[in-house]
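Dear colleague,

I am handing over the structure shown below, together with an account of what was found in it. Please read the notes that follow with the sequence and the model open beside them.

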Amino acid sequence: MPTESGSCSTSRQAKQKRKSHSLSIRRTNSSEQERTGLPRDMLEGQDSKLPSSVRSTLLELFGQIEREFENLYIENLESSHSTSQLSQKLKTTYKASTSKIVSSFKTTTSRAVCQLVKEYIGHRDGIWDVSVARTQPVVLGTASADHTALLWSIETGRSLVKYTGHVGSASGDQTAHIWRYAVQLPTPQPAADTSQVSGEDEVECSDKDEPDLDGDASSDCPTIRVPLTCLKSHQGVVIAADWLVGGKQAVTASWDRTANLYDVETSELVHSLTGHDQELTHCCTHPTQRLVVTSSRDTTFRLWDFRDPSIHSVNVFQGHTDTVTSAVFTVGDNVVSGSDDRTVKVWDLKNMRSPIATIRTDSAINRINVCVGQKIIALPHDNRQVRLFDMSGVRLARLPRSSRQGHRRMVCCSAWSEDHPTCNLFTCGFDRQAIGWNINIPALLQEK
C-alpha cells in the first residue's frame, strides 16, 4: 500500500506540472483580467515544494514575459505590413525618377550636344599627347609611346607626316626636337553620322574588344627622321614642351625635376627652372604673356614670371593631395589644375591661398584643357570617360562612350580647337587612337 500511495502521489504531481505548463501556454490568447486572476487561483491550490513567495514572484515574472511577447508579436504584424507598402512605394518612385533622368540625359547630351565625328587611327602604341596648330593650316598633332609623332588632317582623318627622330618613347631620349614640314591638306570627305549611338550605354570593354590597330595606317605618309633643332640639357625623360609667346623661346618639362627655357634659334639653355621636389608632369605657357606654369608629382604647381627680364619670380600653389597632372592658363588671371587626387581646382593668380572653385570626380584626371572663349574645361579620366565642366564647377556633359564609340582605355589628354567648324574638341588615350568631337556649345550652355 505505501508503494502504491507513493506512486499515485508521483503521478499526480507530474500531471499537475503538465497542467501548469498547459495553462501558461493558453494564457497567450487570454484577456488581461484572465491573465492576472485565473492562473493564480488555479495554481495556488496545487502541491508545490516551493515557498509561496517564490511561486508568486515566478508567476508574476512569467506573466510579464508573456505580455512582452504578445506586444512584440502584434508590433511585428503591423510593421511588416507597413514596411511592405513603403518598400513598394519607394521602388516605384525610384524607378520612375531614374528612368526620367537617364532618358533626359541621353537625349540632350549624347545626341544633340556631343557627337563623335572622326577617329584618328595609325599609332601602334598609346598616345600621350594631342594638340592643335595655332596657325594656318590647322592640323592635329599626336605624340605616342611608339616613338613617333604624327600630323593629321582634321577633316579626313588621314595622317599627313610622321616624325621618327626620337630614340625613346616620344621624348624618352631626354631631348626635345623641333622639326618643320610643309603639309598639303587633302580634300575633305563627308563625316560619318554617329549621333544615333547613345552615350550612356556603358559597356565594359576588354582588350579583345578594341579595334584591330596593328595595321600601320601612317605607313604611306612622308617620314621625317632628322630634327631641325635638338634641345639638350635634361637628365631625364622630357614629358612636355610648349612655345613661349612670340615663338622665339620654348620651355620643356622633365622627370629630372626641372623645366628648361631655351632659345630656339641658338638651341642654348636660357634658364633652368628648379624647385620642384619630384618629377614634373606638364608645362604650359600663357597665350599673351611671358608666364609659365609647371606641375609635378610633389602635389604642387609653380608659376614662373619672365615678364621682367631682370626678375624671374616664382609662386608655389599648394592644394592637391596627389600628383598634379597638369595646370593650364585660362582667361584673365586664372589657372586650372588637375590631379590624381580626383579633383580639379580653379585658381586666381592674385590669391594663392585657396582655389576659387573645386571639382570633385570619381577618377584620376590627366591633361586637362580649357575652351578659353566659353570657359569650359575638358577632363580626361583614367576610367575612360571625358567630362565637361564650367569654371564654377558645374558639370555640363559627359562625352558618349559605348562598345561602338569612345575611348576603350585611359584617356590621357584633351585639346580644344574652338573655331574649327567640324571638330572643336580632341582627346587621345592608351587605346592608340585620337578622337575628334563636335560639341554644340550653345546647346550645352543652354542646358546648364
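Predicted model: local features only at pLDDT ≥ 70, side-chain atom pairs only at ≥ 80, totals over all residues.

Are the residues of β14 buried or exposed? The strand is mostly covered, as six of its six residues are buried.

β14 pairs with β15 in the antiparallel sense, over five bridges. The two strands form a hairpin with three residues between them, and T299, in the turn, has a positive phi of about 75°. β14 also pairs with β13 (residues 280-285), again in the antiparallel sense and over five bridges. Here C283 has T294 of β14 as its bridge partner. β13 and β14 likewise form a hairpin, in this case with five residues between them.

**The nonpolar cores**

The largest nonpolar core comprises 25 residues, and those touching the most other members are F301, F329, V336, I368, I377 and L379. Several strands supply at least two residues each to this core, among them β14 (291-296), β15 (300-308), β18 (334-339) and β22 (376-380). Which strand gives the most to this core? It is β17, with four residues. In general terms, nonpolar side chains in soluble globular proteins tend to be buried together.

Leaving aside neighbours within four places in sequence, F329 is in contact with C284, T285, H286, P287, L291, V292, V293, L303, N334, V335 and L349. Apart from this core lies another, of 20 residues, which includes A378, W416, L425 and L444.

**The region around Q278**

Q278 is placed in the loop between β12 (268-273) and β13. Its relative accessibility is 32%, so Q278 counts as partly exposed. Although Q278 and S296 are 18 residues apart in sequence, their C-alpha atoms are 6.3 Å apart in space. Setting aside neighbours within four places in sequence, Q278 is in contact with R257, S296, R297 and D298.

R297 forms a salt bridge with E279, with 3.7 Å between the closest N and O atoms. R297 lies in the loop between β14 and β15 and E279 in the loop between β12 and β13, so this pair ties together parts that are 18 residues apart in sequence. R297 is partly exposed, with a relative accessible area of 41%, and E279 is also partly exposed, at 24%.

**Other salt bridges**

The count of salt bridges comes to seven. One of them joins the side chains of D129 and R367, at 3.1 Å from N to O. This pair links distant parts of the chain: D129 is in strand β2 (residues 127-132), R367 is in the loop between β20 and β21 (369-371), and 238 residues separate them. Why is R367 classed as buried? Its relative accessible area is 10%, and buried means under 20%. D129 has a relative accessibility of 26% and therefore counts as partly exposed.

E60 and R67 form a further salt bridge, in which the closest N and O atoms are 3.9 Å apart. E60 counts as partly exposed at 37% relative accessibility, and R67 counts as partly exposed at 23%.

**A nonpolar patch on the surface**

Finally, there is a nonpolar patch on the surface, formed by L50, V54, L58, L61, F62, I65 and F69, which together have about 650 Å² of accessible area. I65, one of these residues, is found in helix α3 (residues 52-113). With a relative accessible area of 43%, I65 is partly exposed.

With kind regards

Note on methods:
Residues numbered from 1 in each chain as written. Heavy atoms only, no water. Core = buried A, V, L, I, M, F, W, Y, C linked by side-chain atoms within 4.5 Å. Buried < 20%, exposed > 50% of the residue type's maximum accessible area, 1.4 Å probe, protein only. Contact = heavy atoms within 4.5 Å. Pairing = 2+ DSSP bridges. Patch = residues over 30% accessible without salt bridge, like charges linked within 9 Å, V, L, I, M, F, W, Y side chains within 5 Å. Areas by Shrake-Rupley, 256 points an atom, 1.4 Å probe, with all protein chains shown as cover. Salt bridge = Lys/Arg side-chain N within 4 Å of Asp/Glu carboxyl O.
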